[in-house]
Amino acid sequence: VVVSILPQAEFVEKLGGDKVKVIVMIPPGASPHTYEPTPGQLKEVSKSRIYAKVGSGVEFELAWMDKIIGVNKEMIVIDCSKDADIIEGDPHIWLSPKNAKIMVENIYKGLVKIDFKNQEYYRNNKEKYLQELDELDDKISNILSGKKDRKIMVYHPAWAYFARDYNLKQIPIEKEGKEPTTEGIKNLIEQAKGSNINVIFASPEFSTESAEVIAKEIGGAVVLINPLEKNYLENMYKVAKAFAEVLK
């Protein structure tokens with residue numbers, strides 16, 4: 001099974017156990033916005049049964065999906081975003097446990113389509129993992145409940161689905177892949193001061209330069225959170241805790 005990003009690898013492995021081998025196209029530390037597949041990866045794709053694409057407009061998929069399908073026309077392509085409520089222009093659907101459940105359901109259907117005899121095995125694993133996602137959702141709701149300030153400043157606007165689920169507001173520094181202008185930075189500094197924000201969240205795969213500039217001006221800090229960590233349950237809880245610590 002080929003997937004685009006690391007969190008999907010966790011979803012497939014949780015369902016497929018020892019019956020799947022997962023190939024991840026975008027390696028740790030690389031950005032789904034700019035990554036190009038290697039010839040070695042395309043060779044792996046040519047031998048695969050399923051490609052589980054995120055399906056929500058990830059640049060990597062928009063740029064490469066036709067070529068990837070061309071390498072292996074027999075391969076089934078699953079759209080993990082089918083039935084998810086997409087936010088226009090935001091591909092980061094996996095950063096919401098509710099959406100993760102939809103993605104898991106779509107992956108399950110794909111596995112059953114090519115390996116029906118193990119349907120029961122996949123279904124049991126799916127039920128168990130969906131329960132873990134429900135527990136994660138409850139934990140995140142609890143940790144963020146009772147906070148009056150609901151604004152978080154982020155370098156890259158990856159957290160809109162998370163913000164929608166848990167009633168937060170993300171203020172992004174970078175918009176549509178563009179760094180802020182000097183004027184933009186000034187406005188963000190004023191916004192941060194006005195909202196008592198003293199932490200800026202950045203992702204490890206992006207430069208943190210403009211985040212550092214703003215953090216310095218507000219006497220705050222830059223904290224790294226990773227939207228692409230493979231260990232999904234642990235990482236999402238860690239991110240929620242990081243947000244909860246800065247919200248009053």
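Predicted model: local features only at pLDDT ≥ 70, side-chain atom pairs only at ≥ 80, totals over all residues.
## Overall build

Taken along the principal axes, the box filled by the C-alpha atoms is roughly 60 × 40 × 25 Å.

Of the contacts between residues at least 6 apart in sequence, 66% join residues that are at least 24 apart.

## Surface and charge

The accessible surface of the protein comes to about 12100 Å², and carbon and sulfur atoms account for 50% of that area. The side chains include 34 positive and 37 negative ones, and the centres of these two sets lie 2 Å apart.

## Nonpolar cores

Buried residues make up 52% of the 248 residues in the protein. In soluble globular proteins, nonpolar side chains tend to be buried together. The largest nonpolar core in this model has 69 residues, and those with the most contacts inside it are Ile68, Trp159, Phe162 and Phe243. Helix H9, which spans residues 232–246, gives the most to this core, with nine residues. Apart from this core lies another, of 16 residues, among them Tyr155, Ile200, Ala202 and Ala211.

Phe162 can be followed through its individual partners: leaving aside its neighbours within four places in sequence, Phe162 is in contact with Leu95, Ile140, Leu144, Leu168, Met236, Ala240 and Phe243.

Gln8 has its place in helix H1, which runs over residues 6–16. Because its relative accessibility is 0%, and buried means under 20%, Gln8 counts as buried. When residues up to four places away in sequence are not counted, Gln8 touches Val3, Ala52, Lys53, Val54, Cys80 and Met103.

Once residues up to four places away in sequence are set aside, Asn235 touches Asn226 and Glu229.

Notes. Residues numbered from 1 in each chain as written. Heavy atoms only, no water. Buried < 20%, exposed > 50% of the residue type's maximum accessible area, 1.4 Å probe, protein only. Contact = heavy atoms within 4.5 Å. Areas by Shrake-Rupley, 256 points an atom, 1.4 Å probe, with all protein chains shown as cover. Lys, Arg positive; Asp, Glu negative; His and termini not counted. Charge placed at Lys NZ, Arg CZ, Asp CG, Glu CD. Core = buried A, V, L, I, M, F, W, Y, C linked by side-chain atoms within 4.5 Å. Helix = DSSP H or I, 4+ residues; strand = E, 2+ residues; numbered from the N terminus.
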